[in-house]
Every structure is written in structure tokens, then in C-alpha cells.
Amino acid sequence: MFKTCFVICSAVLLSACSSSPPDPMDFAGQFRDTFSTQIKGDGIKLFTYKAKLATATDRALPNDQPHDQRVTRRKQDLQSYLAEQRNAEKRLELWHQQVDLGLQKTIEMSGYCKDGFIELSRYVETNRAEIRGECNDGATEKDIKKFGR
């Protein structure tokens, strides 16, 4: 009996430890991000990446709906909020991964930091994040034309 229980627990733990990259679809329609750049006079390239997770409480209720539809929508939003709270810990881990993936993809697509970057600060909480960084490479004339000073 002990061996069977041990084998089952081991299998569960191993499957939990094998992590795959976050699926961007986990946050489809909920993820908003911005990427701002700053090139200093001496060629230092800085950036700020901000991400926000839209929750049920962020969604606006149209004022032109009849009262009973607004009440129903508020009940649905409350139920959605309560479900979000139950899954908060799992979602926070996925959120951290999603923010890292979003930053990585944004830098790749923009071509801003060609040689990687140094993270200057990181702030991540349940529904928003901000990562500031400095590129390892200096600004070229092409960078200045594309991203400005």
C-alpha cells in the first residue's frame, strides 16, 4: 500500500515539476502591454515594459443597458472575480511567466536590445507589472532614427 501511494505521489510531483512555457492563450484578451524606449545622449538605451491584466472589475458597464442587464452583468463580474481569487496563486505564477515572455517577444520584435539587456528593476503583482532595463548594446544611428532620443 505504501509503495503504491509513494509511486502515485511521485508521479504527480514529477508532472507538476515539468513546466512548459506559458501559453499566450491563457491570457487571451486580458493582457495589455506597453514598451517605451529612451536613448540617452551618450548612447545608453533604456526601456520600460509595462503589462496589465484586465480583470472583471476593469471592464466598464455600459450605461445604456437596462437596469436588469446591468445587475446581471455585475453578478457575473462578481462570480468571475471570485473565481479569479480562487485561482490566484496559479495565475500569479503564469502571470510572471507571461510578463517575461511578453518582454522577450517585444524586444525581439522591436529589435531594440540586440545584445540582450540588464534588468534594472522589476515590479510584478497579481494584475500588473513593470520591468525597467538597459540594453547591453549602445545606440546606433539606425536606433536613434527608429526609436528617437
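Predicted model: local features only at pLDDT ≥ 70, side-chain atom pairs only at ≥ 80, totals over all residues.
Residues are numbered from 1 along each chain as its sequence is written, and side-chain values use heavy atoms, with hydrogens and water left out.

The chain contains four helices and four strands. These are DSSP runs numbered from the N terminus, with helices being H or I runs of at least four residues and strands being E runs of at least two. Along the sequence they follow the order α-β-β-α-α-β-β-α. Of the 149 residues in the chain, 24% are buried; here buried means under 20% relative accessible area, exposed over 50%, and partly exposed in between, using a 1.4 Å probe and protein chains only. The accessible surface comes to about 10500 Å², and carbon and sulfur atoms account for 56% of that surface. These areas come from the Shrake-Rupley method with a 1.4 Å probe, and for residues only the protein chains shown count as cover. Among contacts (heavy atoms within 4.5 Å) between residues at least 6 apart in sequence, 62% join residues at least 24 apart.

Spanning residues 88–110, helix α3 has 23 residues and reaches 31 Å from its first C-alpha to its last, close to the 33 Å expected at 1.5 Å a residue. That expected span is 1.5 Å times one less than the number of residues. Several residues of α3 are buried, including Leu-94, Trp-95, Gln-98, Leu-101 and Ile-107. The buried residues of α3 pack against β1 (31–39), β2 (45–53), β3, β4 and α4 (141–147). Just after the helix, Gly-111 takes a positive phi of about 70 degrees.

Strand β3 (residues 117–125) pairs with strand β4 (residues 128–135) in the antiparallel sense over eight bridges; two strands pair if DSSP finds at least two bridges between them. A hairpin of two residues joins β3 to β4, and Ser-121 stands opposite Arg-132 in β4. Another residue of strand β4 is Glu-134, which is partly exposed, with a relative accessible area of 26%. Leaving aside residues up to four places away in sequence, Glu-134 touches Ile-44, Lys-45, Leu-46, Phe-47, Phe-117, Ile-118 and Leu-120. The C-alpha atoms of Glu-134 and Thr-48 are 9.1 Å apart, although 86 residues separate the two along the chain.

With a disulfide defined as a pair of cysteine sulfur atoms within 2.5 Å, the count comes to one disulfide. Cys-113 and Cys-135 form this disulfide, with their sulfur atoms 2.0 Å apart. Cys-113 lies in the loop between α3 and β3 and Cys-135 in strand β4, so the pair ties together parts that are 22 residues apart in sequence. The torsion about the S-S bond of Cys-113 and Cys-135 is about -60 degrees, so the disulfide is left-handed. Both Cys-113 and Cys-135 are buried.

The salt bridges complete the picture. Asp-137 and Lys-45 meet through their side chains in a salt bridge (2.8 Å, N to O). This pair links distant parts of the chain, with Asp-137 in the loop between β4 and α4 and Lys-45 in strand β2, 92 residues apart. Asp-137 and Lys-45 are both buried, and the relative accessibility of Lys-45 is 0%. Lys-45 also forms a salt bridge with Asp-143, the closest N and O atoms being 3.0 Å apart. Here the link runs between helix α4, which holds Asp-143, and strand β2, which holds Lys-45, 98 residues apart. Asp-143 counts as buried at 3% relative accessibility. The side chain of Asp-143 meets that of Lys-114 in a salt bridge as well (2.7 Å, N to O). Lys-114 lies in the loop between α3 and β3 and Asp-143 in helix α4, so the pair ties together parts that are 29 residues apart in sequence. Through shared partners, salt bridges join Lys-45, Lys-114, Asp-137 and Asp-143 into one network.

Conventions: Salt bridge = Lys/Arg side-chain N within 4 Å of Asp/Glu carboxyl O.
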